[in-house]
Amino acid sequence: MFFLNDYQMERLLFSNDNFLFYEYKLESDFEREIIENSLHIFGANTVYIDIKKRIGDSILSIPDGYLIDFSFASEPRLYIIENELASHDPYKHIGSQLLKFAIGYKASGRKIKQFLLDNITSNEQKNQIVEEGLKFARHRNIDAFLEWLIFDKPIAAIVLIDRNSSELENVLSQLTMETDIIEFQTSISGDKKIHKFTPFNDEVREFIERPKLDVSPEDVDTIVVPAAADGFQSAFLEKNAWWQIRISASMLDRIKYIAAYQISPISAITHFAEVARIEKYKDTNKYILYFKDKATKIEPIKLDGKGLAPQAPRYTSMEKIKKAKTLSEVFGSNLK
């Protein structure tokens with residue numbers, strides 16, 4: 001049964017059908033949609049495990065699922081999944097749940113490893129994805145791989161929610177565990193549904209799904225940010241920093257450089273800087289990048305095709321930046 005949010009007037013029109021925002025009343029219904037669409041949300045090079053287990057002896061936390069991500073072939077990563085509704089209190093419910101898990105995670109590592117191992121080896125498709133991933137991650141078997149993943153790598157979290165909010169951003173900014181937010185919204189028309197979301201690791205997946213870009217995820221080390229004249233002068237050049245950037249947990253340790261694309265009328269990448277450190281930006285789940293030194297001016301890498309101008313942060317490699325004359329050589333000319 002569908003319930004409509006009375007105050008939500010936004011609608012989508014498709015094939016003469018009006019789709020209205022659907023507000024989930026039960027978390028179980030929301031979670032079912034996440035599971036059914038997990039391949040689209042997380043990508044083919046991930047393993048989504050939708051099991052719930054009690055973690056820890058004295059601290060109880062029951063994640064909604066786990067994700068093993070092979071976006072970076074040599075550095076896979078484990079995430080816990082929290083499927084939440086915006087109607088839940090972000091402080092008492094979401095923040096508390098993640099904090100409890102972070103506290104009890106290492107102590108319960110053996111239990112986590114065992115039920116992840118049991119789930120993977122009992123599912124032929126999941127087992128095949130992990131076995132294929134082991135070829136690049138260089139682990140002798142799944143047991144050794146999970147041992148490394150749980151005890152040697154920092155865990156991160158993904159919160160899937162029907163409506164993001166500044167309150168949720170504030171809560172997650174206080175956690176030491178890196179957390180990504182995926183807003184997953186549903187609109188309905190009769191018994192028809194449309195889902196709206198930004199895929200997990202979307203900025204990285206383009207290098208996997210569009211191999212003609214000639215950049216592998218392993219090569220990515222540079223974030224390119226669009227900059228208006230005022231912000232570029234006052235922040236990029238004078239303060240040697242750039243802030244309020246949304247960066248996925250998987251990219252935080254990989255960004256070595258930042259490049260500025262000055263928007264129209266300049267329409268070109270004109271400067272880059274080496275990144276000294278990345279920190280949370282105030283009480284948000286976004287980040288500020290501090291430069292090691294003043295930005296370096298380069299020969300402008302000019303816009304040369306429709307759809308190439310960055311509207312939000314984009315990723316590439318510094319090697320491509322240094323060789324490029326035009327944006328198509330930085331991001332690829334086959335953008336759809």
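**Exercise 1.** In this predicted model, identify the residues that lie nearest the centre of the largest pocket.

*Solution.* Begin with the lining, which consists of 29 residues. Nearest the centre of the largest pocket are Thr-198, Pro-199, Asp-202, Glu-203 and Arg-246. Next, consider the elements: E7, H8 and strand E16 (314-316) each give two or more residues to this lining. E7 gives the most, with five residues. By residue type, the lining divides into twelve nonpolar, nine polar and eight charged. Finally, the space in the largest pocket is about 780 Å³.

**Exercise 2.** Determine whether the aromatic pair of Phe-184 and Phe-197 is stacked, edge-to-face or tilted.

*Solution.* A pair of aromatic rings is described by the distance of the centres and the angle of the planes. For Phe-184 and Phe-197, the distance is 5.5 Å centre to centre and the angle between the planes is 25 degrees. Planes under 30 degrees apart count as stacked, so the pair of Phe-184 and Phe-197 is stacked.

**Exercise 3.** Classify Phe-184 and Phe-197 as buried, partly exposed or exposed.

*Solution.* Buried means under 20% relative accessible area, and exposed means over 50%. Phe-184 has 0% relative accessibility and therefore counts as buried. Phe-197 has 25% relative accessibility, so Phe-197 counts as partly exposed. Both residues belong to one aromatic cluster, together with Tyr-22, Tyr-24 and Phe-30.

**Exercise 4.** Over which ring does the charged end of Arg-277 sit?

*Solution.* The charged end of Arg-277 sits over the ring of Tyr-290, at 4.0 Å from the ring centre.

Conventions. Residues are numbered from 1 along each chain as its sequence is written. This is a predicted model: local features need pLDDT of at least 70, side-chain atom pairs count only at pLDDT 80 or more; totals for chains, interfaces and linings use all residues. Side-chain values use heavy atoms; hydrogens and water are left out. Rings of Phe, Tyr and Trp (its six-membered ring) pair if their centres lie within 6.5 Å; planes under 30 degrees apart count as stacked, over 60 as edge-to-face and the rest as tilted. Buried means under 20% relative accessible area, exposed over 50%, partly exposed in between (1.4 Å probe, protein chains only). A charge sits over a ring if NZ of Lys or CZ of Arg is within 6 Å of the ring centre and within 35 degrees of the ring normal. On a 1 Å grid over the protein atoms alone, a cavity is a set of points where a 1.4 Å probe fits but cannot get out, and a pocket is an open set with protein on both sides within 12 Å along at least five of seven lines; lining residues have an atom within 4 Å of a point. Grid points are joined across faces, edges and corners, and a volume is the space filled by probe spheres set on the points. Helices (H or I, at least four residues) and strands (E, at least two) are DSSP runs, numbered from the N terminus. Ala, Val, Leu, Ile, Met, Phe, Trp, Tyr, Cys and Pro count as nonpolar, Asp, Glu, Lys and Arg as charged, and the others, Gly among them, as polar.
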